[in-house]
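Please have the sequence and the 3D view open as you read.

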Amino acid sequence: MSDMLLDSIVDKYYDKIYNYCFAQLNYSHHDATDCTQEVFFTLLKKKKILVFSPNIKLWLYRTADNVIRNYIRKNLQKNPLDIDNIDIPVDNNFEVKCSGNALDALSDEEIALLEDYYGEFSADREALAQKYGISTGNLYKKIHDIKLKLR
């Protein structure tokens with residue numbers, strides 16, 4: 001494969017391969033740039049054995065898939081995500097504040113349910129359902145109905 005042909009392939013397909021990598025890698029510019037460069041570096045390394053054909057586009061996309069797969073595998077091994085140790089701040093001091101007529105459509109029981117749902121019982125929906133003597137499914141339905149009223 002000649003250098004001129006190689007240049008024309010890079011010019012024609014670089015943006016397309018970058019966009020493909022960008023989408024596959026959760027829209028990370030840095031990761032997509034790394035993978036795209038690796039695809040075209042592989043093309044450069046294999047230019048002597050590759051013969052230009054209409055399938056060069058297919059070869060580039062397959063190479064991109066392999067590069068992405070290896071990139072993800074390599075980076076997950078370096079930085080495994082430990083979801084058990086993620087701290088999520090919870091504000092249990094939730095209070096419904098009414099400004100205007102927004103909550104006039106709700107009963108006192110519905111307002112109390114909202115305060116519990118988003119406040120004290122925000123992490124334990126089953127305990128909240130038990131407090132009100134309903135199933136968890138009915139709890140979610142009541143919250144849904146309240147939200148519809150507020151719209």
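## Terms and ground rules

A residue is called buried when its relative accessible area is under 20%, exposed when it is over 50%, and partly exposed in between, using a 1.4 Å probe and protein chains only. This is a predicted model, in which local features need pLDDT of at least 70 and side-chain atom pairs count only at pLDDT 80 or more, while totals for chains, interfaces and linings use all residues. Residues are numbered from 1 along each chain as its sequence is written, and side-chain values use heavy atoms, with hydrogens and water left out.

## Overall fold

The protein has 6 helices and 0 strands, where helices (H or I, at least four residues) and strands (E, at least two) are DSSP runs numbered from the N terminus. Along the sequence the pattern reads α-α-α-α-α-α.

Of its 151 residues, 27% count as buried. A contact here means heavy atoms within 4.5 Å. Among contacts with a separation of 6 or more, 54% join residues 24 or more positions apart.

C21 is in no disulfide, and the nearest cysteine sulfur, that of C35, is 5.3 Å away. C35 is likewise in no disulfide, with the sulfur of C21 as its nearest, at 5.3 Å.

Are these cysteines buried or exposed? C21 is buried, with a relative accessible area of 0%, and C35 counts as buried at 1% relative accessibility.

## Where α4 meets α6

Helix α4 (residues 108-118) and helix α6 (residues 136-150) have axes that come within 11 Å and cross at roughly 115 degrees. The axes are lines fitted to C-alpha atoms, for helices over the stretch in contact, and angles run from 0 to 180 degrees between N-to-C directions. The two helices are therefore roughly perpendicular to each other; that label covers 65 to 115 degrees, with under 35 roughly parallel, over 145 roughly antiparallel and the rest oblique.

On the α4 side, the contacting residues include L113, L114 and Y117, and on the α6 side they include L139, I143 and I146.

## A look at Y117

Y117 lies in helix α4 and counts as buried at 9% relative accessibility. Not counting residues up to four places away in sequence, Y117 touches S122, R125, L128, L139, Y140 and I143. The C-alpha atoms of Y117 and L128 are separated by 7.2 Å, with the two residues 11 apart along the chain.

Terms used. Disulfide = S-S within 2.5 Å.
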